[in-house]
Amino acid sequence: MSRNLFLRIVDAIKDHDMYFEQRIDALGRFGLSTLQKITAVFRMLAYGLPADATDEYVKIGESTTIESMKRFCRAIVEVFGERYLRSPTPNDVARLLHIGEQRGFPGMLGSLDCMHWKWKNCPTAWAGQYAGRSGSPTIILEAVADYDLWIWHAYFGLPGTNNDINVLESSHLFSNLASGPSRFWRKEVLHDIMTTCIILHNMIIEDERDLNAPIQDAVEAPTPTIEMVIDENLRFEQFLARHKKIKDKNVHFELRNALIEHLWEQRNNFEN
């Protein structure tokens, strides 16, 4: 993360939450600075350090570090979530399809995968539900990233006993188409932390992106023609039809075979 981006985040968080402002006590002594609190949080997020490990570096107590972590993650989601967790617009989709076709994968928006995040302090009563093949309780993150690693979709929270197919079935990805410091106890806090990491990741990608690269040429999306459906029964039937089409195995195999033939054709054209 560049210094300018870090300071931009510091200023935004300080303006959003007064907790991060440096205050003076009744004796006139200065309290912890904004940089101390936010630096401690960044060290926990970046290196997976426990809260008490930041005391030696930034001179901040464990309880203050934990409180700073919770407030920082909530503030990041509230301040930057709308921009850095947004769904792709029609122009984004057109650009990604254009880039995918240039790279030999027509029709591709991004890559989807799942990862397991170890939950150290998972309640004992939930351990069996969250312990997957690793033997330790984990929580699953499903994400879709494009060619430059910008994350367009994230679904977090399912127990580690699920496989990737179960996660995909449960996530809102298809529904939308048709329509470290993991030492905390509460899933709501873990969700904020994971969401914060995704937002910070996208902010770094945006900050380091080469806007002059030829592949970034804008491709305007055609104006969509939308037919308004008033009948709720008809709308639900259309939803089911689209959902069935998305999950059609025959269509999947046809697309896969067509992509293989397309890649071989591209290879032969390149060699000739």
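The charged end of Lys37 sits over the ring of Tyr19, 4.2 Å from its centre, where sitting over a ring requires NZ of Lys or CZ of Arg within 6 Å of the ring centre and within 35 degrees of the ring normal. Please keep in mind that this is a predicted model, in which local features need pLDDT of at least 70 and side-chain atom pairs count only at pLDDT 80 or more, while totals for chains, interfaces and linings use all residues. Residues are numbered from 1 along each chain as its sequence is written, and side-chain values use heavy atoms, with hydrogens and water left out.

Lys37 is also among the buried residues of helix 2, as are Ile38, Val41 and Phe42, buried being under 20% relative accessible area, exposed over 50% and partly exposed in between, with a 1.4 Å probe and protein chains only. Helices here are DSSP runs of H or I, at least four residues, numbered from the N terminus. Just after helix 2, Gly48 takes a positive phi of about 70°.

Let me turn to the aromatic rings. Rings of Phe, Tyr and Trp (its six-membered ring) pair if their centres lie within 6.5 Å, with planes under 30 degrees apart counted as stacked, over 60 as edge-to-face and the rest as tilted; by this rule there are 10 aromatic pairs. The rings of Trp126 and Tyr130 have centres 6.1 Å apart and planes at 25°, so this pair is stacked. Together with Phe80 and Tyr84, Trp150 and Trp152 form one aromatic cluster.

Key. Helices (H or I, at least four residues) and strands (E, at least two) are DSSP runs, numbered from the N terminus.
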